[in-house]
Each structure stands twice: as structure tokens, then as C-alpha cells.
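Student: Could you walk me through how disulfides and a nonpolar core are read from a model?

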Amino acid sequence: MPIRSLWRTLAVLAVGALTAVLLAPAAVQAAPRESRPVYSYADAVRESVWVDTGLDEDGDGRTDRVAADIVRPAEPARQGRKVPVIMDASPYYSCCGRGNESQLKTYDGQGHVVQMPLFYDNYFVPRGYAFVGVDLAGTNRSDGCVDVGGRSDIGSAKAVVDWLGGRARAYTSRTGGTPVKASWTNGATGMIGKSWDATIANGVAATGVRNLKTIVPISGISSWYDYYFAQGAQLYDGGPDELAGYVESDQAHCAAVQRKLADGSPDSGDWTRLWTERDYVKDAEKVRASVFLVHGMQDLNVRTKHVGQWWDALARHGVERKIWLSQTGHVDPFDYRRGAWVDTLHRWFDHELLGYDNGIDREPMADIERHPDQWTTSAVWPPRGTRTTTLYPARGTTPGVGTLGPHRATGTAAFTDDPSRGETDWAADLTRSTPDKAAFITPALTAPLRISGSSRVTVTATPSTASAHLSAVLVDLGPDTIRDYADGGEGITTLTERTCFGASTAGDSACFKATAARTADVGATVVSRGWADLGHHASLAKGAPLVPGRAYTMTLDLAATDHVVPRGHRLALVVAGTDKDLIEPPATRPTLTLDLARTTVRVPLSGGPAALDRATTAPPVGRTLTVVGTPRCLTGHGDGCTADADR
């Protein structure tokens with residue numbers, strides 16, 4: 001059990017023991033285990049405040065104020081009771097919308113919020129929570145400028161958390177107005193959100209702000225450098241200045257901030273001071289809040305490298321954690337596992353914000369989607385017994401198609417960068433010789449292999465030109481049915497019927513379009529990937545031109561995952577150049593020659609090297625290998641849950 005969880009458990013036990021002593025048996029009542037919808041959503045208080053951030057990012061000579069729209073139950077305040085807060089700080093409330101239906105905030109004639117996007121207010125306000133939707137600085141009704149994860153973004157959201165905790169100033173209007181205090185809340189705050197919103201939750205937690213009790217980041221960024229670059233390789237043909245302009249309400253006053261963003265994020269991929277400011281991983285030791293992390297393992301927008309490095313850093317500092325990993329791309333769990341998600345989130349907030357002992361902290365740490373709508377759990381994640389295991393590539397009988405196994409080999413393999421091809425092409429052509437890749441494949445496995453966590457591929461490569469990019473991809477070679485994450489819905493299909501979670505008003509419905517899994521039958525599945533610019537082999541701080549004909553060694557960090565390669569399938573490593581549509585190509589089109597004696601892949605395997613030995617040992621003569629089928633459902637939740645053994 002993490003240190004902080006242990007202390008929290010001891011504190012709860014101590015309070016329980018003291019209560020038992022002070023109260024007579026007749027007066028003792030069972031502690032609540034679940035908040036109930038006992039308050040009126042129709043009569044909820046709807047108000048707006050503008051919180052002073054203490055910054056003047058737009059340079060107008062006065063400190064910026066950010067808008068916080070509040071929906072809270074009216075009854076507790078009348079009864080002299082205070083409520084906790086669920087908060088979503090977002091740049092998307094006016095420009096782009098939230099959720100699968102791109103909902104925006106709407107307001108009445110007095111400027112009070114009528115529609116708050118998503119279901120959080122509809123569901124949780126009747127259960128005794130306040131919901132606060134914060135317009136990040138520079139967006140919607142807030143002052144300031146968007147600085148894409150920097151001090152303005154994070155500071156504007158943190159200021160609201162501080163105000164809820166009684167440590168900041170707020171007013172009833174954007175300019176002037178009457179000071180207002182958050183007298184209706186006990187200050188206990190949980191932040192939630194997807195994508196940029198989730199990133200803000202990560203960044204605010206990394207400040208160590210006191211009354212932030214928990215965060216629920218869905219598909220969130222943990223370091224903005226890793227959103228735009230992969231070890232020097234450019235991921236997008238654009239930078240944070242363009243993203244700021246996309247969501248900003250008043251670009252005329254924010255041109256100077258956009259220039260700083262552009263100047264601080266050069267296309268070279270060099271790590272600059274701008275990226276240091278936007279790296280939350282380095283500040284994980286400051287995190288006081290618990291973290292319920294949710295991510296799609298096939299998210300090619302916010303890639304799961306963000307998951308692995310953030311999760312590992314939080315673990316090192318004993319932060320209480322929980323995780324869901326789906327087969328989807330950049331998708332909210334409300335749109336792929338709706339009923340289970342609402343129930344789990346409800347119990348999480350009840351535990352973390354209301355202090356209810358509902359047992360969620362004693363349940364398995366991880367939920368992982370193995371097949372569409374079929375989930376497994378792990379008591380801890382990565383599971384106990386997971387060990388980094390080294391595999392080595394070797395030449396095979398077909399040029400460009402080698403073997404992958406536990407023994408170091410010699411020789412070379414070569415490929416030529418072809419920006420017109422990418423990982424799906426490489427996976428489809430694994431067993432064929434193509435000039436754009438080098439592939440290495442294990443024998444058919446005699447036992448399943450579970451990869452849990454982040455892999456690393458070290459290559460020693462000799463380029464033929466002065467610039468080169470590298471891609472490393474792990475592939476499960478064998479037939480399967482997966483969520484079609486490459487489709488526009490990234491693994492889901494939106495239906496016409498609706499399901500309802502919470503109370504509705506005429507202006508804010510609690511009913512949302514249902515979804516279903518969109519699947520694809522495949523012959524190979526990309527498990528994890530990573531990219532790098534070979535010119536940054538020595539340092540991320542400064543790339544350098546390569547000397548053609550000279551060998552360079554570099555380690556590529558692959559995205560975190562949890563995947564079982566079934567018995568009968570094969571595990572493959574692909575090393576190639578530009579990954580089409582996922583990284584930008586280099587200035588040249590090099591041929592790279594790999595030194596196989598100095599090329600390795602280190603994979604976190606459940607069971608470690610012994611599991612690899614079992615899986616790659618030839619079966620007895622006459623024994624036929626078969627591919628495992630769909631796992632059997634062992635629970636009554638209706639969502640295909642099973643439990644993985646923690647080996």
C-alpha cells in the first residue's frame with residue numbers, strides 16, 4: 001500500500017475508534033457509503049465569479065481575472081452545511097465544445113450558466129457536490145492569455161482552487177464588482193477533465209496546492225515537450241503558438257505571448273526553458289492529491305508515453321493512484337464504458353471528497369480492456385512480478401526479416417527512410433522484405449506474454465546522410481478483433497438513442513447519445529511505438545548534424561501499454577525511419593544500417609525472463625499451437641470484466 005494511502009487508512013480507523021468511544025451504542029449510526037440524489041437540480045444556485053490570478057499576461061495594466069461558473073445545491077447552505085467541489089478547467093467552453101456532442105456553455109440574460117457541458121453537474125449536484133467550470137485565462141469570459149500549459153494556464157486554474165480554499169480573491173464581475181467568498185464550500189476540491197482539461201489537472205496538482213484532494217485526468221499531457229516532440233523528432237507541423245490562437249478569445253492583446261511560445265519551441269526539437277516550465281513530471285514529488293488516471297492505449301493524439309512517465313513518477317513518491325486503460329484512441333470513458341464509469345467515478349469522489357469508506361481504495365488498482373468491451377483487473381499496476389526483460393534482434397533467412405529472442409546476435413540490417421509508409425504498413429508487411437523497415441519476429445509463442453508498462457529500444461545505427469529519424473514499433477503478429485482506433489471515432493460509434501445520468505432542466509439535459517464499440521478484424525496489432533531524431537542522440541537540449549558513415553547509439557522510449565500477446569501469436573519489433581502521419585520526416589532520406597550486436601529491446605514482462613523462456617521454448621513434437629479465444633466473463637457487471645492474476 002502506498003505510504004499516503006496507509007496514513008489515510010490509519011486516520012480513518014482512528015476517527016472511527018474515537019467515534020465509537022464518544023457515542024453511546026444507541027446513538028451510533030452506520031456511516032454513509034454512497035451520496036444520494038436528495039437535492040434539487042432545478043433549484044440549484046447558478047452563479048459566476050471572477051477570480052484574480054495575480055498575473056497580467058495580456059499586458060493591460062491590471063491583474064487578470066478568470067471566470068468560474070458555479071452550479072451548487074441550494075439546500076446545504078440553508079442548512080448551514082458546506083459541500084465539496086468537482087471542477088473542470090478548460091479552454092474549450094466557447095470555441096470547441098466538450099464531450100462527444102461538443103457542448104458549449106450557455107447563459108441566461110443575467111449571465112448565469114444555463115447549460116454546463118457534460119454530465120458532471122447533472123449527476124453530482126443532486127448528490128451534494130458543487131460543480132465549477134473554469135474558463136482558462138484568455139478563453140471565453142476570462143481575462144489574460146493562453147500560454148499552453150505554462151504559468152497562465154496553470155495559475156488561472158490554481159487561483160480558483162485557492163479561492164475555494166479561502167486563499168484568493170474573487171469578484172462578482174470581470175471588472176470592478178463586489179468581493180465574494182466561497183463560504184458555501186469546505187474547500188475540498190477534485191479536478192477532472194479530458195485532454196487539455198486533464199493536462200491542467202496534472203499541472204495544478206504538480207504545484208502542491210493544498211485543498212486539491214484528487215484529480216481525474218482523462219487522456220492528459222504530463223509534459224508538453226512530449227506532446228510536440230518525441231526525443232527531438234517533430235510530431236506536429238505546428239507549435240503551441242498555433243494552439244493558443246485556436247482557443248484564444250482576444251488574440252490582439254496576446255500577440256506577445258504567442259511570440260514567446262513560438263520563439264521558445266523551435267522546430268529543431270531542442271529542449272528549452274519553455275518545455276521545462278511545462279514539464280509536470282519533474283514536480284511529481286509536490287503532488288498531494290490522489291490520481292485516478294484514464295487513457296486510451298491507442299491514443300495517437302496524447303500518446304501513452306504521458307501515462308507511463310507520469311504514473312511512474314507518482315509511484316516513486318507514494319501518491320495514491322488508480323488507472324483505467326482502454327483499447328480506444330482519444331476517447332472519454334463516458335463514451336466507451338458509460339455505466340461502469342459513472343458508478344466508479346461516483347464512488348471515487350465519494351471516497352476522496354466526502355470521506356466515505358466505500359471500499360474503492362481496496363479494490364484492484366487497474367482496469368484494462370483486453371478485447372472490445374471485455375475488461376480485466378490487476379491488484380496493482382504494473383502487476384507484481386513484472387520485470388524488464390531483454391530481447392535481441394538477429395538476421396533471418398529473408399533480407400530485412402530477422403528473428404527476435406533472448407540471445408545476443410551479430411550482423412547488420414539496413415533500411416531506407418520512406419515517409420510515405422508507416423506503422424500500419426510495416427505491421428501488414430512484417431514477414432515480407434520491404435526496403436523501408438527492419439523487422440524481427442519471435443517464434444510462435446508457446447505461452448502468452450503480458451507486456452505491462454513502458455518498453456525501451458536501444459539501437460546503434462549508421463546513417464548515410466546528415467539527418468535521420470527513427471521509429472521503433474512493437475507488434476502482436478496474429479489475428480484479433482480490436483477497437484478500430486484508426487477510424488474517425490477512434491474505437492467508438494455514436495448511436496442515436498440516449499442514456500441519462502442525473503437530473504435535467506429545460507436548458508441542460510442529462511441525456512447523451514449512446515455509443516457502441518467500433519471494431520476491426522486485423523492480422524497484426526501495433527502494441528507500442530516510439531520515435532526519435534538521431535541528431536539528439538547525445539542530448540535533448542541540442543541536436544547536431546550527423547556524420548554520414550559514423551555509428552550512433554540512441555535509446556527510444558516507447559509508449560506505456562498493457563497487452564497480452566496470446567499463445568500462438570508472435571511478438572515483433574520493427575525499426576524504421578519516418579512513421580507516416582505520426583512524425584514529421586527529416587530533411588534527408590537516409591539509409592540506416594543497424595549493428596545488431598548493439599541493438600536491444602527491453603520489455604516489461606509479467607513474470608520477467610522466465611516468462612519469456614516459457615513462451616519461446618519449442619513445444620513437444622506433435623503438439624499443435626492454437627490461438628487463445630475471447631476471455632470468459634467472470635463478473636456480473638455486464639461489461640466483460642475478468643481478473644488478471646498478479647504474477
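Tutor: A disulfide is taken to be a pair of cysteine sulfur atoms within 2.5 Å. Please keep in mind that this is a predicted model.

Student: How many disulfides does the structure hold, and what is the pairing of the bonded cysteines in sequence order?

Tutor: The structure holds three disulfides, and with the bonded cysteines numbered along the protein chain the pairing reads 1-2, 3-4, 5-6.

Student: Is the disulfide of Cys500 and Cys511 left-handed or right-handed?

Tutor: The torsion about the S-S bond of Cys500 and Cys511 is about 100°, so this disulfide is right-handed. Cys500 lies in strand 23 and Cys511 in strand 24, so the pair ties together parts that are 11 residues apart in sequence.

Student: Which parts does the link of Cys145 and Cys254 tie together, and is Cys145 buried or exposed?

Tutor: Cys145 sits in the loop between strand 6 and helix 4, while Cys254 sits in the loop between helix 7 and helix 8, so the link ties together parts that are 109 residues apart in sequence. Cys145 is buried, with a relative accessible area of 0%, and Cys254, at 1%, also counts as buried.

Student: And the core: which residues touch the most other members?

Tutor: In soluble globular proteins, nonpolar side chains tend to be buried together. Here the largest nonpolar core has 73 residues, of which Met87, Trp184, Met191, Trp196 and Trp224 touch the most other members. Helix 4 (residues 151–164) supplies the largest share of this core, seven residues.

Notes:
Residues are numbered from 1 along each chain as its sequence is written. This is a predicted model: local features need pLDDT of at least 70, side-chain atom pairs count only at pLDDT 80 or more; totals for chains, interfaces and linings use all residues. Side-chain values use heavy atoms; hydrogens and water are left out. A nonpolar core is a set of buried Ala, Val, Leu, Ile, Met, Phe, Trp, Tyr and Cys residues joined through side-chain atoms within 4.5 Å. Buried means under 20% relative accessible area, exposed over 50%, partly exposed in between (1.4 Å probe, protein chains only). Helices (H or I, at least four residues) and strands (E, at least two) are DSSP runs, numbered from the N terminus.
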